[in-house]
Amino acid sequence: MSESKQITLPITGMTCANCVATVERNLKKVSGVETALVNLSSERATVEFNPELATLDDLIGRVQRAGYGVATGEADILIKRLSDDNDARRLEKALASLPGVLQAQVSFASERARVQYIPTVLSQAEIRRAVTAAGFEAVETGEGYEDAEQVARAAEIAQQRHFLIVGLLFTIPLFALGMSHDLGFLPMEIAHSPWLPWVMWALATPVQFYVGWQYYVGAAKALRNRAANMDVLIAMGTSAAYFYSLPIVLGWLDGHVYFETAAVIITLVKLGKFLEARAKGRTSEAIKKLMGLQAKSARVVRDGQEMDVPVEDVGVGDFVVVRPGEKIPVDGVVVEGRSTVDESMLTGESLPVEKSPGDAVIGATLNKLGLLKFEALKVGKDTALAQIVRLVEDAQGSKAPIQKLTDQVSAIFVPVVIVIALATFLVWYFLIPLPAGSDTNLFTRALINMVAVLVIACPCAMGLATPTAVMVGTGKGAEMGVLLKSGEALERAGRVSTVVLDKTGTITRGQPAVTDVVVLQTGGEDTRKAQDEIIRLAAAVEKGSEHPLGEALLAEAGERGLTLSQPEGFQAIVGRGVQAQVEGRLVRVGNLRMMREHGLQLNGLEKELERLQEEAKTAILVGVDEAVQGVIGIADTVKDGSKQAIETLKRMGLQVVMITGDNEQTARAIAKQVGVDRVLAEVLPGEKAAEIKKLQSSGQTTAMVGDGINDAPALAQAEVGIAIGTGTDVAMATAPVVLISGDLRGVARAIALSRRTLRTIKQNLFWAFIYNILLIPAAAAGLLNPMLAAGAMAFSSVFVVSNSLRLRRFRIEG
């Protein structure tokens with residue numbers, strides 16, 4: 001059986017939650033489609049399908065038949081090395097076979113290729129690479145590939161602006177005339193002139209059928225798909241007011257015309273849609289900012305020469321040179337030079353990171369001080385930045401569980417509103433008599449109240465409440481080095497009550513380091529010299545060892561800048577330590593048992609030995625010839641920021657638990673150091689998931705923080721798995737939340753951001769529901785003028801989007 005394929009389509013023409021349901025339903029009707037998720041805020045559809053049963057053309061065709069569009073990009077590329085028309089046909093065929101290409105035309109005469117493509121499936125850089133792979137040379141002449149979808153969205157906003165301006169030009173004078181007439185401000189000869197209704201009709205008609213034509217088209221498409229959306233409500237409401245006024249103008253009936261009501265409703269809704277479209281554009285700013293971090297060019301070394309090439313042309317294995325102040329173009333490993341690199345744009349950590357040969361560098365980060373030469377290891381879609389953008393886009397396209405209620409309500413919302421509107425008309429017409437001296441009739445009064453019900457109802461605010469907050473929240477997380485892989489992960493993280501931290505590699509560095517160097521009492525400068533000498537001798541012996549404790553001693557000697565002699569006669573004694581001749585002296589590095597077996601005196605270092613053991617540190621004794629000269633404490637050191645991070649988590653009201661395979665004494669010592677109150681010690685890797693389950697059974701909502709690989713079962717068992725310190729391999733970690741940096745403070749950021757986003761979603765949903773719950777009955781009771789109702793409806797969705805945008809200002813102290 002063929003493997004499923006997933007693509008993302010940029011959808012145009014959606015206005016409310018009902019549109020989302022219509023597009024989803026139609027996509028699912030295509031044979032071979034397994035899942036279809038549509039996001040109103042990002043205006044994208046994520047479709048998983050069997051490529052043997054369904055094609056891209058099938059999916060696009062289904063969307064178009066449902067009455068919506070798919071945004072496309074157009075690449076205009078100058079082609080070199082076309083020798084004849086056969087070459088042109090061959091290249092055209094190669095381009096047409098690319099996934100995401102809708103149409104390809106190659107002209108030998110003009111030496112140009114025009115390619116229409118889906119920008120979320122294919123990029124212009126990939127098209128150019130395909131041209132090169134076919135044996136030709138591509139020269140880009142059109143807009144940048146990353147802007148293709150943006151151009152389509154901008155065109156949509158420009159169209160909305162055009163309709164709004166036209167609407168205002170006709171509606172403002174019409175509204176002024178209508179209100180002046182109703183309030184008695186017009187001179188009698190004008191107020192009662194037979195041409196006034198005709199002028200109002202002339203002003204209202206372009207608004208109704210030019211500015212408002214989109215609502216008629218949208219309503220027709222919705223009804224054809226056996227659905228009802230906001231367009232149906234607007235078309236019904238405005239048509240009722242417009243067509244009721246028509247026979248009055250023609251002299252067939254007596255009464256008041258309501259052309260200004262229809263025009264004001266359409267123009268106000270257009271204004272709301274225009275403001276909403278602009279605000280929605282800002283919800284994806286984080287993605288645009290991330291994509292903007294990418295360097296445009298790279299300086300590579302080829303054939304011994306440095307040359308600048310587009311970043312798309314950098315290949316794996318290329319050697320890249322980065323000067324101070326320049327961006328690192330792709331991911332790789334340093335081969336020459338030393339520098340500090342600002343990685344804050346990806347990790348959220350403000351302090352620059354030192355880089356030297358052997359260290360990894362991440363594309364889009366900023367080289368600060370020195371010249372670096374590195375080998376490119378990951379390019380194009382494999383770079384950390386590309387993975388981050390892809391993960392954030394996937395998250396923004398996903399649905400949070402809290403949205404299920406909204407989807408259920410939206411499915412029946414418009415039909416229910418239409419029923420309420422019809423009931424409103426019937427009640428006001430048949431059951432409620434006119435008050436004495438009323439200047440209107442039963443039919444007019446009932447109609448106006450029905451129109452108010454139709455236009456006050458707002459399914460848009462409900463449809464935008466969750467996805468806009470998820471988009472802004474996940475985007476903000478990416479800026480802070482926190483990757484929330486789905487709306488579900490974001491919602492769950494916002495409900496966490498207990499955070500379980502793996503000790504090794506999460507709270508601590510995961511590698512032994514020298515913490516104490518105690519020598520026989522000398523005092524002052526002599527003590528420092530004596531410490532250096534002990535480290536120098538011990539590290540020299542350990543040059544022949546591969547033990548982790550030996551590596552810690554060698555690292556300490558390196559940090560102190562000590563020169564090590566070559567050991568002779570190296571000998572490892574199992575369970576004791578190591579010994580060797582260094583500069584003619586016999587140096588033993590090991591435990592207390594080793595020293596006692598060789599009859600070496602501790603020279604008063606017993607108390608220091610006991611202190612180090614109480615602090616859960618490994619105590620290494622160093623004997624020179626016939627006496628112990630010093631004791632070195634080695635431990636897995638706590639990461640910078642771990643204590644502060646745990647304090648922040650506790651301030652947030654979270655219970656913090658440390659889980660480790662270490663013995664109770666070692667675990668308690670680390671826990672005391674960082675302020676953790678509850679410790680689960682001597683837990684084997686396979687038992688960590690069971691411990692998480694015990695916490696869950698006591699009613700706790702858990703987040704497990706680990707390295708994403710060794711802790712996979714525990715991460716999967718917890719409600720929220722948080723993989724920490726994944727660096728460039730952000731897609732490798734299976735956890736739903738990924739922290740690019742190894743800093744534990746990112747956990748507090750992730751949970752605080754999720755809490756704030758969840759709160760924003762609840763605020764949005766409260767507003768969307770309470771608005772409809774209160775104002776639909778108010779309109780049915782005759783308390784709302786249809787024009788005021790239209791204004792309230794237009795700005796309800798703007799409020800929801802604006803509230804979500806406040807998440808962009810999110811900050812966490814600590």
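**Entry 1: a helix over a sheet**

I began with helix 22 (residues 606-614), which lies across strand 20, strand 24 and strand 25 (627-638). I noted that helix 22 runs at about 15° to strand 25. I am working from a predicted model.

I found 6 strands in an open sheet, in the order 20-25-24-23-22-21. The pairing is antiparallel. Which strands are at the edges? I found strand 20 (508-519) and strand 21 (568-573), each pairing on one side only. On average, neighbouring strands in this sheet are turned by 20° against each other, with direction ignored.

Strand 23 (residues 585-590) pairs with strand 24 (residues 618-624) in the antiparallel sense. I noted 4 bridges for this pair. Which residue of strand 24 stands opposite Val587? I found Val624 there.

A reminder to myself: side chains in a regular strand alternate between the two faces of the sheet.

**Entry 2: a hairpin**

I moved on to strand 9 (residues 297-302) and strand 10 (residues 305-310). They run antiparallel and are joined by 6 bridges. Ser297 has Pro310 in strand 10 as its bridge partner. I noted that the two strands form a hairpin, with 2 residues between them. I checked the turn and found Asp303 with a positive phi of about 55°.

**Entry 3: two packed helices**

I describe two packed helices by the angle between their axes and the distance between the axes. I looked up helix 10 (residues 259-283) and helix 16 (residues 459-479). Their axes are 10 Å apart, and the packing angle is about 20°. The crossing of helix 10 past helix 16 is left-handed.

Which residues meet? From helix 10 I listed Lys273, Glu276, Lys280 and Thr283. From helix 16 I listed Cys460, Leu464, Thr468, Met471 and Val472. I sorted the contact by class: 4 nonpolar, 2 polar and 3 charged residues.

**Entry 4: the whole protein**

I finished with the overall picture. The secondary structure comes to 28 helices and 30 strands. The radius of gyration is 35 Å, well over the 28 Å that the globule rule gives for 814 residues, so I put the protein down as more spread out than a compact globule. I also noted the span of the C-alpha trace along its principal axes, about 125 × 75 × 55 Å.

Key. Residues numbered from 1 in each chain as written. Predicted model: local features only at pLDDT ≥ 70, side-chain atom pairs only at ≥ 80, totals over all residues. Heavy atoms only, no water. Axes fitted to C-alpha atoms, helices over the stretch in contact; angles between N-to-C directions. Left-handed = near helix turned anticlockwise from the far one by under 90°. Contact = heavy atoms within 4.5 Å. Nonpolar A, V, L, I, M, F, W, Y, C, P; charged D, E, K, R; others polar. Pairing = 2+ DSSP bridges. Rg over C-alpha atoms; globule rule 2.2 N^0.38 Å.
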